[in-house]
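Here is a short report on a two-chain model. Keep the sequence and the 3D view open while you read.

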Amino acid sequence: MSIVMDRVSKSFGERRVLREVSLALPDAGAVCLMAPSGAGKTTLARILLGLETPDAGTVAGVPARTAAVFQEDRLCERLTVCKNIRIACPRLSPQAVQAHLDEVGLSEYLRAPAGKLSGGQKRRAAIVRAVAADPAFLVLDEPFTGLDEETHARVIEYLRARTAGRSVLLITHDPRDAEALGAKTMALSAE
Amino acid sequence: MRRILEKQRRVLERAAAIGFALAVWQALAAAVGSAWLLASPARTVCVLLDLLGQPSFWKTLGFSFVRITGGYLSALLIGSLLAAAAGASRAVELLLWPFLSAIKATPVASFIILCLIWLNARQLSVFISFLMVLPIVYTNLLAGIRARDVRLAEMARVFSIGRGTRFVYIDLPQLRPYIESACSVGVGLAWKSGIAAEVIGIPTGSVGERLYQAKIYFSTGELFAWTAAAVLCSILLEKALRRLLTWFFDRLEAGV
């Protein structure tokens, strides 16, 4: 069963962010949501993840196993990179975490406190955490912010290889990211 | 290397400050000229060394240590539980507010006298230490609970992280500075209030009783020696707790 959002509206005070938005996400495969800033992309993702309740409309079919790369990294700064990943995926051994980190160029940082990483390194750690959690539905909200060209390509490759067969919602401004991930593009117009 | 030198410099500065304070004390004692009214540092050390050799000294210190530490640890436990409950429910916070405000505002002597009416004098220091430390632990931990990062809580929700894991690895590291502060401030207060309670209640075999006797016999040497012993106990307990907390959190945070 696919994830279906039916005529969802959401306002914050006087500001209406979403008006009767409908969309369907497939069980497997990536969908890219593109829209100008302030169009409600993140609000839509938060509704899908159960972090916001819509004022009107319904959301159905969201699986229990979800994961996300948020706009901010949301890492526990004092914990090691490995522990940050393993609290989200406790069944993963440190060796398996190391394999994930190798793929995104964070080989040396298994035992490093997350707070000591650079912005780009934190981003990659957050991406690994979301992918390693083995979710049925994965939200990537502007996941490539702060990554240089080379790392960006490496992370795209990692995502392509590791998210096959899952439902992925990618939120980005860059159509090249959607193309690289083989995602179907969907537009959201500003309210 | 620079850090070590900096640390050594700080130790030397503190040693110099302590040396200065002792010199002022010695000068004042010499000026007063009566060991009954103001014992000198040297006299105090002599009395303390003499006391250290007496089995009754350790028994007396043990009596107060067990009770004050018991009250302190009970306050840590109950204060943490109350803060957790208040953090989870605004209604609980509101219901606890008058009690904790009353404890904070009421002079400790009032509680001591009230407790002397209700309790056995031997248990007085347990209860008074508990009562004085409780609001400190509660207030600190509640502030920590309120200051937790909501975004991490959302992350935990999205990833379906279990309650236990969430508490140990997401909440506790965020609460670390608040827990350390509560423990550190609480130890000194527990000893001050506990000994004050013993001086008023005069339970047999306590440090407070020995201080009271020192007052009756104008023996400032004994007064200072027992005070030094109580201060040393307080400092040692605080250091031991700090080490325990550092060990625990370092292990928790460095884990894979």
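## Domains of chain A

In chain A, the centres of domain 1 and domain 2, taken over C-alpha atoms, are separated by 23 Å. The domain bounds come from an automatic or database domain assignment. That assignment gives chain A a domain 1 of 1–65 + 135–191 and a domain 2 of 75–134. Between them, 14 residues of domain 1 of chain A are in contact with 12 residues of domain 2 of chain A. Contact here means that the C-beta atoms of two residues, placed from the backbone, lie within 7 Å.

Helix H5 (residues 149–162) of chain A gives the most to the domain 1 side, with six residues. By class, that side of domain 1 of chain A has seven nonpolar, four polar and three charged residues. Ala, Val, Leu, Ile, Met, Phe, Trp, Tyr, Cys and Pro count as nonpolar; Asp, Glu, Lys and Arg count as charged; the others, Gly among them, count as polar. Helices (H or I, at least four residues) and strands (E, at least two) are DSSP runs, numbered from the N terminus.

## Basis of the model

This is a predicted model: local features need pLDDT of at least 70, side-chain atom pairs count only at pLDDT 80 or more, and totals for chains, interfaces and linings use all residues. Residues are numbered from 1 along each chain as its sequence is written, while chains are lettered from A and ligands numbered from 1 in the order in which they are written.

Strand E1 (residues 3–12) of chain A runs antiparallel to strand E2 (residues 15–25) of chain A, and seven bridges join them. Strands count as paired if DSSP finds at least two bridges between them. The hairpin of E1(A) and E2(A) has two residues between the strands, and Gly13(A) takes a positive phi near 65° there.

E1(A) is also joined to strand E4 (residues 56–60) of chain A, by four bridges and again antiparallel. Follow Met5(A) to see both pairings. Met5(A) stands opposite Leu23(A) in E2(A), and its bridge partner in E4(A) is Val59(A).

## Nonpolar cores

The largest nonpolar core has 65 residues. Such a core is a set of buried Ala, Val, Leu, Ile, Met, Phe, Trp, Tyr and Cys residues joined through C-beta atoms within 7 Å. Leu48(A), Ala130(A), Leu169(A) and Leu170(A) have the most contacts inside this core. Helix H4 (residues 119–132) of chain A gives the most to the core, with seven residues.

Beyond its neighbours within four places in sequence, Leu170(A) has contacts that include Ala30(A), Cys32(A), Leu33(A) and Leu140(A). Asp177(A), Ala178(A), Leu181(A) and Ala183(A) are also in contact with Leu170(A). A second, separate core of 45 residues includes Ala86(B), Phe127(B), Tyr178(B) and Trp191(B).

## Chain B overall

Chain B has 10 helices and zero strands. Its C-alpha trace spans about 75 × 60 × 30 Å along the principal axes. Of the 256 residues in chain B, 32% are buried. A residue is buried if 20 or more other C-beta atoms lie within 10 Å of its own, exposed if 12 or fewer, and partly exposed in between; C-beta atoms are placed from the backbone.

The domain assignment of chain B gives domain 1 (1–33) and domain 2 (36–254). Their C-alpha centres lie 28 Å apart. Six residues from domain 1 of chain B and five residues from domain 2 of chain B make the contact.

## Where the chains meet

How many residues of chain B are in contact with chain A? There are 17, and they touch 23 residues of chain A. Helix H7 (150–158), helix H8 (163–201) and helix H10 (220–254) of chain B each give two or more residues to this side. H7(B) supplies the largest share, six residues. The chain B side divides into 10 nonpolar, three polar and four charged residues.

The buried residues of H7(B) are Leu152(B), Met155(B), Ala156(B) and Val158(B). They lie on the same side of H7(B) because they cover an arc of only 165° around the axis, taken from the directions from the helix axis to the C-beta atoms. These buried residues pack against strand E5 (66–69) of chain A together with H8 of chain B.

Ile87(A) lies in helix H2 (residues 81–88) of chain A. Leaving aside its neighbours within four places in sequence, Ile87(A) is in contact with Ile161(B), Thr165(B) and Tyr169(B). Ile87(A) is buried because 21 other C-beta atoms lie within 10 Å.
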